[in-house]
Amino acid sequence: MRLKKWLSALTAGVLLSTTLVFAGVANAEGQTSTMADESIYDLLVDRFFNGTGKNDDEQVNAKDPEMFAGGDFDGLIKKVDYIANMGYTIISIGSVFATEKYDGSMITSYEAIEPHFGTEEQLQNVVNTYQNRDMKIMVDFPVSNVSPNHEWASQAGFVASTNEQIQWDLSNSAVQDQLIESAAAFVSKYDVDGVRLTNIESADTAFLNRLIDALKATDSELYVITNSESDANFDAKFYADTAALLTNAFKNVDLDTGVLEAHIAEATSGTPVLSMTDTIWSDRFTRSSTAEGMYQPTRSKMSIASTLLLPGVPVVTYGSEIAMNGTAGPEAHQYYNFKTDSELADYIGNLQSLLNDSDTLRAGEFKWIENDNGYMAFERKSDTEHWVVIINNSSKTKRVNLPIAEIGEDKEIRGMFESEIIRANKDGNYTIILDREMVEVYQVIDERGINMSYIVALGLVVVIYTIFMVAVMKRGKKRRAEQAK
């Protein structure tokens with residue numbers, strides 16, 4: 001089984017590398033990215049990986065979901081290859097400020113760093129390490145809803161109300177100025193690439209725009225987003241119903257995907273729109289699909305691939321690639337299990353290799369081909385590239401006929417993952433057939449005839465396999481000879 005799995009992975013990797021030869025012109029070196037170019041991997045430092053036990057104390061107990069689990073900045077550095085291989089361009093690491101709760105929901109300072117996560121120097125090392133690997137680091141900045149023990153709590157006029165958390169009086173100009181100063185100082189000190197403003201519900205638009213302007217004054221390329229609906233000048237829009245829309249479209253097969261068309265129209269009309277099936281603060285997508293009695297590895301693949309390929313800025317919660325489950329809160333914030341099969345993580349990496357190398361596949365002109373109860377086919381076009389994406393989230397094998405008038409004469413359509421080559425038939429169509437619960441990305445190129453790269457790659461796999469089997473047989477023959485003595 002291990003041999004079969006290894007050979008399958010090798011074959012897929014080699015063939016994908018050859019098809020990428022046809023994938024058009026990649027982003028120009030040094031070209032400034034926009035939010036529409038990004039994909040976000042959303043994690044909690046404490047729940048990812050414990051890189052060192054030096055910052056663990058009596059508050060750390062990985063078996064108690066309410067307590068700190070031990071994940072830290074050093075763990076993020078040690079797992080940089082794992083995250084980089086999935087191809088995400090922004091790593092959102094949550095709140096890093098001193099906190100009484102593992103998820104940063106009870107911060108006590110806007111300056112001190114949570115010691116369970118590590119030191120200021122280690123945080124800076126995380127930022128530098130990921131930036132050196134062409135990934136951006138984003139942090140959460142809670143605008144309100146902090147611990148009653150917050151260092152500002154005793155300042156006159158700062159507190160609007162208190163229950164389990166403090167809500168700042170965000171109509172107070174002194175509070176506003178202090179928040180702006182603290183957020184800008186943090187960004188300047190650590191040179192992070194993005195900030196997500198959380199708990200903004202009681203903040204007015206004018207204040208939020210002042211805060212956004214101050215943050216961008218420290219770095220004009222800094223991204224500022226939020227996890228709430230707002231009319232402020234954020235770099236991406238957030239809609240509260242997005243996760244539910246996508247979850248209800250992919251938790252099972254043959255579901256209504258027509259409801260996604262308004263979301264997709266919004267995502268292709270101007271300011272980028274954040275797109276996700278769950279969030280750090282919500283129930284897991286897996287919980288919904290489990291309730292449907294579905295096979296989780298397939299559901300996870302369909303949901304993540306669709307989130308990445310449909311218009312919008314993908315936001316994928318950590319652990320989605322291992323079908324992490326749970327209701328909102330600690331149950332959904334499980335400690336990452338790195339012993340889980342990495343097949344889906346590898347698939348995500350291959351898919352994002354295409355997305356990261358093609359402006360057109362990410363943000364080209366969008367056109368529906370078909371959208372019918374889970375079967376979605378659409379085009380992405382530019383002056384230099386033409387892609388067809390098919391998401392068959394139905395219970396049946398489906399086909400679509402693409403007329404020569406749409407695709408062009410003397411063209412061929414090449415599947416990026418299955419290496420299928422489709423040419424026009426005698427009826428004047430390019431016919432694409434895709435099995436149930438499958439996703440495929442196709443590129444339209446000038447007809448090339450025999451795919452020599454594919455033949456060479458396949459031959460290479462055969463040669464490697466032959467060498468391996470010869471070695472195994474020789475070793476077995478030698479062992480039998482020794483046993484006969």
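Helices H5 and H6 are roughly parallel to each other, because their angle falls under 35 degrees. H5 passes H6 in a right-handed crossing, a term used if the near helix is turned clockwise from the far one by less than a right angle. This is a predicted model, in which local features need pLDDT of at least 70, side-chain atom pairs count only at pLDDT 80 or more, and totals for chains, interfaces and linings use all residues. Residues are numbered from 1 along each chain as its sequence is written, and side-chain values use heavy atoms, leaving out hydrogens and water.

A second pair, H10 and H11, also has a right-handed crossing. The table gives the geometry of both pairs; helices are DSSP runs of H or I with at least four residues, numbered from the N terminus, and axes are lines fitted to C-alpha atoms over the stretch in contact, with angles from 0 to 180 degrees between N-to-C directions.

| Helix pair | Axes | Angle |
|---|---|---|
| H5 (residues 173–190) and H6 (residues 205–218) | 9 Å apart | about 25° |
| H10 (residues 296–309) and H11 (residues 343–357) | within 11 Å | roughly 15° |

Contact means heavy atoms within 4.5 Å. Among the residues that meet are Leu179 and Ile180 in H5 and Phe207 and Leu211 in H6.

Leu179 also belongs to the largest nonpolar core, which has 95 residues, and is one of those touching the most other members. Such a core is a set of buried Ala, Val, Leu, Ile, Met, Phe, Trp, Tyr and Cys residues joined through side-chain atoms within 4.5 Å, where buried means under 20% relative accessible area (1.4 Å probe, protein chains only). A second, separate core of 14 residues includes Tyr375 and Ile413.

Terms used
Helices (H or I, at least four residues) and strands (E, at least two) are DSSP runs, numbered from the N terminus. Buried means under 20% relative accessible area, exposed over 50%, partly exposed in between (1.4 Å probe, protein chains only). Angles under 35 degrees count as roughly parallel, over 145 as roughly antiparallel, 65 to 115 as roughly perpendicular and the rest as oblique.
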